[in-house]
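Thanks for making time this morning. I would like to go through a few local features and helix contacts, stating the cut-offs as we go along.

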Amino acid sequence: GFFVTGDLASPLLVLGAALTGLLTVAGVELLQRTRLVREDAATGLVFPVLFSAGVILISRYAGSVHLDTDSVLLGELAFAPFDRLVLGGRDLGPRGLWLIGAILLLDLVVIAALWKELALSTFDAALAAALGFSPVGLTYVLMALVSVTAVGAFDVVGSILVVALMVAPPAAAWLLTERLPRMLALAAGFGAVSAVAGYWAAHILDVSIAGAMATMAGITFAGASVVAPERGVLAVARRRARQRRVFTETLLAMHLQTHEGRPEAVEECRPATLHRHLSWPRARIDATVSRMLRRGLVEEAGGLLRLTEAGRRLAADALRR
């Protein structure tokens, strides 16, 4: 886009970069359709080719241009208000605000108009094709929106913050809900909270604003990954602990049922000797027996454990499975 316009401030740069994004998606799709390579391999082929083409173009035709690494990677939000949009001699405000605002409006209009189609083609492309929609066409529409949004945001805030806000808030929202509208609302909310919290963190600590925002997005995701009700670290730990408890109780119930009423029950069903027969730590035996007594699965008589009716049903169900 720059080679065509020769102007770094031209809005056609965003269009050119967005079209390149679509070219990337189209290249990956075409390679994947050949069935010769998988999607990840196709992506690994297309991206380096286009990146190399960009490096060659810059080296050959823009070798004297100085690219500031900090500006490219981190951007500089503090300077964004000074890049003004002036039309007809009238100052309309920060150019970045108008650019991102226009992209936001475009995204909202397209998503609202194609909400059902986009959701269907994203999560069930086969059903979308069966209903007469074009999953590939809808994918290109979605990728065009992503490309335009990424390029417009990159122009203002730098690549690190763009990637951070495109990945961390949606990932955090996905951990908390499976309903798509709620997921989108949570993702937008997490992004806004990360931006505001990151700005004030950067102000207090005197560090990069974009870097602080990206850090807060990461902290938001880390928090969601811990407390998420179904997929979070705590929920998974509780579920695994519950599964371990159910397994040990079931196994102990089956052991008692096997030896109950037989001569060896004096040894096999005695709490003090169970750890030797099951090869479990004594602490696990004591905890399992205590839980089963509280739940009414076993009862103790004459120093021996005996299954109750509930305990026998538990063992019988396990054997049937």
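Let me begin with burial: a residue is called buried under 20% relative accessible area, exposed over 50%, and partly exposed in between, using a 1.4 Å probe and protein chains only. This is a predicted model, in which local features need pLDDT of at least 70 and side-chain atom pairs count only at pLDDT 80 or more, while totals for chains, interfaces and linings use all residues. Residues are numbered from 1 along each chain as its sequence is written, and side-chain values use heavy atoms, with hydrogens and water left out.

With that in place, S225 has 19% relative accessibility and therefore counts as buried. S225 sits in helix α11, residues 209–227, where helices are DSSP runs of H or I with at least four residues, numbered from the N terminus. The side chain of S225 reaches the backbone oxygen of A222 at 2.6 Å. Leaving aside residues up to four places away in sequence, S225 touches L175, R231, G232 and V233, contact meaning heavy atoms within 4.5 Å.

S225 also belongs to the contact between α9 and α11, so let me turn to that pair. Their axes come within 9 Å and cross at roughly 15°; the axes are lines fitted to C-alpha atoms over the stretch in contact, and angles run from 0 to 180 degrees between N-to-C directions. The two helices are therefore roughly parallel, given that angles under 35 degrees count as roughly parallel, over 145 as roughly antiparallel, 65 to 115 as roughly perpendicular, and the rest as oblique. Among the residues making this contact are L165, A168 and L175 of α9, and A214, F221 and S225 of α11. By class, the contact of α9 with α11 has 15 nonpolar, 3 polar and no charged residues, where Ala, Val, Leu, Ile, Met, Phe, Trp, Tyr, Cys and Pro count as nonpolar, Asp, Glu, Lys and Arg as charged, and the others, Gly among them, as polar.

How do α8 and α9 pack? Helix α8, residues 135–157, and helix α9, residues 159–176, pack at an angle of about 135° with their axes 8 Å apart, and they are therefore oblique to each other. The contact includes V146, F154 and V157 of α8 and L161 and M166 of α9, and by class it has 8 nonpolar, 2 polar and no charged residues.

Finally, a word on backbone angles: most residues other than glycine have a negative phi. D206, in the loop between α10 and α11, has a positive phi near 55°, and at 71% relative accessibility D206 counts as exposed.

Technical notes
Polar contact = N/O pair within 3.5 Å; in protein donor to acceptor, adjacent residues only side chain to side chain.
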